[in-house]
Amino acid sequence: MKQKTFHLIKGEFSAVDAKQILLELLSNKIKFHQGDQWSREERNTSITFSSQQRIQELVCLKEELKLFFDEAQGKEVELVGEIVIKVK
């Protein structure tokens, strides 16, 4: 199995900028899953429970991040975000 790690986010940001970066990322992931659901509905194929569950998880994560960054208002934060891709 081939595997590679990519550094998506790395650096120090204001709490406001860090919040914006992460919330935008989550919004795009939610839109992706919603688009997938819509596409499945249009093709009359079944909507997967896991997709619906993932949307709910991402929405909850967005709310957690909002609360976290509200508490960090006016401070600097460090973001380190990696993604590991495994080719099976």
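**Patches and exposure in a predicted model**

Tutor: Strands β1 (2-14) and β2 (76-87) each supply at least two residues of the nonpolar patch; strands are DSSP runs of E of at least two residues, and helices are runs of H or I of at least four, numbered from the N terminus. This is a predicted model, where local features need pLDDT of at least 70, side-chain atom pairs count only at pLDDT 80 or more, and totals for chains, interfaces and linings use all residues. Residues are numbered from 1 along each chain as its sequence is written, and side-chain values use heavy atoms, leaving out hydrogens and water.

Student: Which residues form the nonpolar patch on the surface?

Tutor: Phe-6, Leu-8, Ile-83, Ile-85 and Val-87, with about 440 Å² of accessible area together. Strand β2 gives the most, three residues.

Student: Why is Ile-83 called partly exposed?

Tutor: Buried means under 20% relative accessible area and exposed over 50%, with partly exposed in between (1.4 Å probe, protein chains only). Ile-83 has 35%, so Ile-83 is partly exposed. Ile-83 lies in strand β2.

Student: What makes Asp-17 partly exposed?

Tutor: Its relative accessibility is 39%, so Asp-17 falls in that in-between class too.

Technical notes:
Patch = residues over 30% accessible without salt bridge, like charges linked within 9 Å, V, L, I, M, F, W, Y side chains within 5 Å. Areas by Shrake-Rupley, 256 points an atom, 1.4 Å probe, with all protein chains shown as cover. Salt bridge = Lys/Arg side-chain N within 4 Å of Asp/Glu carboxyl O.
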